[in-house]
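Colleague: I'm new to this one. Can you show it to me and talk me through some parts?

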Amino acid sequence: MILDNKLNNLLDIDQLTKNDILYIFEFAEKLSLILNGPVKKVPVLRGKTIINYFSEPSTRTRVSFENAGKILSADVINVSSSGSSDEKGESFINAVQTLESIGADILIIRHSDSGAPYFVSRNIQIPVINAGDGSHAHPTQTLIDLYTVYKSIGEIEGLNLTILGDNIHSRVSRSAVLGFSTLGAKVTFCSPTTMNANFLSDNISKEDIDNYPAVIYTSNLKDALSESDLIMTLRTQFERKASLVFPNINEYTRLFKLSNESLKYAPDKAKILHPGPMNLGVEIDGYLSESERSLINQQVMNSVAIRMALLIILIGEHTLDSI
Amino acid sequence: MKKIIKNGKVFDGISNKIKQQDILIIDGVIQNIGNIEITGVDIEIIDASNYIVSPGFIDIHSHLREPGYEYKETIATGTRAASKGGFTTICAMPTTIPALDSKDSIDYFKDLCQQRSIIKVYPIGAVTMGREGKEIVEMQSLVDSGVIGFSDDGEPIHDPNIMRMSLEYSRMVSRPIMNHCDDRGINYRGEGVMNDGFLAQRLGCNGIPNAAEASMLSRDIFLTELTGGLYHACHVSASQSVDVLKIAKERGINYSAEVTPHHLTITEDFILGPTDQNRKQISENAYDTFAKVFPPLRTKSDIQALIEGINSDLISIIATDHAPQGYEDKMTTLNQAAFGISNFETTLGSVLQLFHSKDIKLEKLLQCLTSNPAEFLGKKLGKLSKGYPADIVILDLNEEWEVDISDFVSLGKNSPLQGVKFKGKVLQTLVDGEIVYSDKKGHDG
């Protein structure tokens with residue numbers, strides 16, 4: 001098994017075919033043997049330098065990449081905006097070019113501006129992984145979500161995914177649409193009208209229908225959940241001015257919160273995903289995230305294996321057969 | 001000093017028919033036009049056989065950046081770039097430091113132009129002090145200093161009372177208010193970076209809806225009806241704006257409107273990069289900051305509406321909105337990058353596409369670049385007729401060339417048109433009878 005296209009970076013899921021995604025899963029599957037073994041360290045990326053450049057707060061993504069790199073014996077350097085030359089007014093592009101010159105073999109970039117990893121990628125030679133850019137994309141999260149579903153349910157083709165919450169500001173949602181559709185799932189958005197990417201869903205123009213996976217939109221939670229196999233609740237992004245687009249949290253939770261009560265609208269087999277971090281009590285009740293219906297903890301557990309796979313594919317010498 | 005331009009296909013800006021004629025120039029002024037027998041020896045002959053001879057282009061909307069932003073553009077480089085694009089007169093927006101909001105700053109600007117410009121430059125005054133939208137400038141004093149109009153360009157006039165009062169006042173000073181229409185409340189509190197719609201949502205970017213422009217334009221149009229003021233709509237970009245102008249015309253409301261070469265010819269797809277404009281699979285070249293411009297590049301249907309706007313005389317002026325930017329202004333993320341396209345040197349090539357595609361007649365395009373803006377300025381410019389200054393451009397409609405931003409005379413290399421192939425080129429530009437630019441010799445001729 002090999003990738004359909006040689007991967008020089010990972011900016012978004014639209015670079016990957018179904019076959020590519022399954023290849024990454026196979027890779028992750030093999031690597032989880034290491035994660036579950038007695039010594040969680042292999043010399044696969046020894047001598048390689050990974051730089052995590054995070055200009056936006058992140059705990060789970062950054063630590064997961066860091067851990068993935070360290071398990072593979074790479075040297076991992078974390079750079080965050082505060083305490084970096086960003087604060088001295090160094091331009092973003094100078095900063096990343098400096099990191100390349102210092103000897104990074106790969107840059108993992110988190111940035112608050114949509115498209116920042118694209119801009120970086122075309123201005124440096126080394127591979128770039130998009131670890132979340134503004135409201136645009138979060139491809140590694142999507143691969144983790146897909147892998148989690150693949151491992152716990154199996155075939156993704158034909159599943160109904162309901163993305164619940166503020167999808168217009170969500171990079172997780174945008175990459176999820178591409179990824180789940182590529183593997184044959186059907187996607188439904190459920191949110192207040194003000195939080196819906198209408199030009200990608202119910203209001204897509206004729207000209208663009210072929211340019212995007214078909215996405216159904218409804219503001220009715222009952223309708224949205226009635227045939228769900230997967231419910232992905234999104235974080236309500238207060239820092240992206242989400243608070244301006246619905247009257248108050250009370251109204252939001254009454255209409256859109258995933259609770260024991262609203263979950264009854266969904267089939268019993270439906271599983272819950274959340275990319276984290278969660279606003280417990282706003283988009284999802286705390287006990288649900290811990291329940292057997294939830295895949296949330298598995299999402300976190302699978303994150304390291306997926307990111308290890310991507311690091312090896314982009315800068316390692318090994319192939320699926322040789323690892 | 002005598003010159004004669006022989007055998008050109010002359011567009012004189014009056015009859016709006018192109019016919020073969022000669023133009024006799026004495027001491028920088030057009031002395032005669034028609035079939036002229038040459039007598040005497042002390043006369044310079046310019047052979048324009050097979051070429052179009054037109055009044056020099058007049059741009060009523062540009063940014064020269066000096067004083068204050070000399071790293072983006074200077075009066076020297078900007079006017080040279082303009083002359084290369086066929087312009088003999090340009091009007092400079094007050095987006096300088098200091099803003100052109102007082103007699104002193106305008107006198108200073110005119111002094112600089114006197115020393116450094118190679119073409120005619122007229123200043124546009126700010127509507128409000130510091131372009132802050134709060135306090136109206138001393139409009140009559142600015143008119144006395146030579147401004148041809150008022151604009152806070154880049155900063156739409158949000159306060160309806162300021163707009164209403166400045167329109168009332170414009171009747172007294174007889175110069176127009178030129179508004180950049182964009183309702184910030186509709187445009188994500190001013191944080192939009194590109195056209196709203198599928199592509200903005202696909203790229204996770206804040207979009208600027210057509211409604212942000214058209215709603216403010218509607219307000220302005222009805223305030224113009226209310227006040228009888230002099231109003232000019234800057235760079236209309238949205239199809240809805242053309243509809244608003246149609247209503248204005250039907251109601252007999254006096255206004256003028258301009259459109260830029262980029263809004264007439266290229267779409268939001270240029271945000272995806274100069275090539276690889278695939279809306280389905282986003283390439284590494286996407287989020288191209290050179291295509292970030294305000295108002296944003298729109299869609300094919302908007303372009304169609306703007307073309308119809310020109311053909312039905314709802315829009316009578318093509319203006320460049322030449323907005324040169326420095327390297328660091330554009331070498332960043334789409335969100336952080338400055339708005340603007342360096343436009344002087346590609347304007348002709350861009351709009352001639354519409355002639356070659358038969359969307360707009362050549363005569364109409366030339367009117368929009370010459371006699372119509374001259375009428376807007378109320379100056380004796382923009383026509384080839386006895387007694388008019390010999391501001392003339394000679395064009396080859398068929399020469400093919402490829403845009404290379406490194407060849408730009410402008411300091412602003414920020415053009416999304418890198419590598420685009422054009423048909424039609426400026427061969428010579430004359431200001432007051434003097435050749436200020438020639439394709440063969442550049443600016444040294």
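Modeller: One term first: two strands pair if DSSP finds at least two bridges between them. Helices (H or I, at least four residues) and strands (E, at least two) are DSSP runs, numbered from the N terminus. This is a predicted model, where local features need pLDDT of at least 70 and side-chain atom pairs count only at pLDDT 80 or more, while totals for chains, interfaces and linings use all residues. Residues are numbered from 1 along each chain as its sequence is written, chains are lettered from A and ligands numbered from 1 in the order in which they are written, and side-chain values use heavy atoms, with hydrogens and water left out.

Colleague: OK. How many bridges join E16(B) to strand E17 of chain B?

Modeller: There are 4, and the two strands run antiparallel. E17(B) covers residues 434-438. B:Thr429 faces B:Tyr437 across that pairing.

Colleague: What do E16(B) and E17(B) form?

Modeller: A hairpin, with 2 residues between the strands. B:Asp432 sits in the turn and has a positive phi of about 50°.

Colleague: And in which sense do strand E15 of chain B and E16(B) pair?

Modeller: Antiparallel, over 8 bridges. E15(B) spans residues 392-402. Its B:Asp396 is opposite B:Lys425 in E16(B).

Colleague: How many residues of E16(B) are buried?

Modeller: 8 of 11, in a strand that runs over residues 421-431. Buried means under 20% relative accessible area, exposed is over 50%, and partly exposed is in between (1.4 Å probe, protein chains only).

Colleague: Let's go to helix H1 of chain B. Why is H1(B) largely enclosed?

Modeller: Because 7 of its 10 residues, 75-84, are buried by the rest of the structure. Among them are B:Ile75, B:Gly78 and B:Ala82.

Colleague: What covers the buried residues of H1(B)?

Modeller: The cover includes E16 and E17 of chain B, the hairpin strands again. It also includes strand E7 (87-92), helix H2 (103-116) and strand E8 (120-123) of that chain. Just past H1(B), B:Gly86 has a positive phi of about 95°.

Colleague: Switching to chain A. In what order do the 5 strands of the open sheet lie?

Modeller: E7-E6-E5-E8-E9, with parallel pairing. Strands E7 (215-218) and E9 (271-273) of chain A are at the edges with a single partner strand each, so one side of each has no neighbour in the sheet. The twist from one strand to the next averages 25°. For that, axes are lines fitted to C-alpha atoms, for helices over the stretch in contact, and angles run from 0 to 180 degrees between N-to-C directions.

Colleague: How many bridges join strand E5 and strand E6 of chain A?

Modeller: 5, linking residues 160-164 to residues 186-190. A:Ile163 is opposite A:Phe189 in E6(A).

Colleague: Is A:Ile216 buried or exposed?

Modeller: Exposed, because its relative accessibility is 55%. A:Ile216 belongs to strand E7 of chain A. It touches A:Val187, A:Thr188 and A:Phe189, leaving out residues up to four places away in sequence. Contact here means heavy atoms within 4.5 Å.

Colleague: Now the two chains together. What area is buried between chain B and chain A?

Modeller: About 2500 Å², with carbon and sulfur atoms giving 52%. Buried area is the accessible area (1.4 Å probe) that two parts lose on being put together, summed over both. The contact takes 26 residues from chain B and 36 from chain A.

Colleague: How many salt bridges cross that interface?

Modeller: The rule finds 2. It asks for a side-chain nitrogen of Lys or Arg within 4 Å of a carboxyl oxygen of Asp or Glu. B:Arg279 and A:Asp208 make a salt bridge at 2.8 Å, N to O.

Colleague: And how many residue pairs are in polar contact there?

Modeller: 20, with both residues at pLDDT 80 or more. A polar contact is a pair of N or O atoms within 3.5 Å; within protein, one must be able to donate a hydrogen and the other to accept it, and residues adjacent in sequence count only if both atoms are side-chain atoms.

Colleague: Which side chain does the side chain of A:Asp113 make a polar contact with?

Modeller: That of B:Gln336, at 2.9 Å. A:Asp113 is in the loop between strand E3 (106-111) and helix H4 (116-121) of chain A. It counts as buried because its relative accessibility is 4%.
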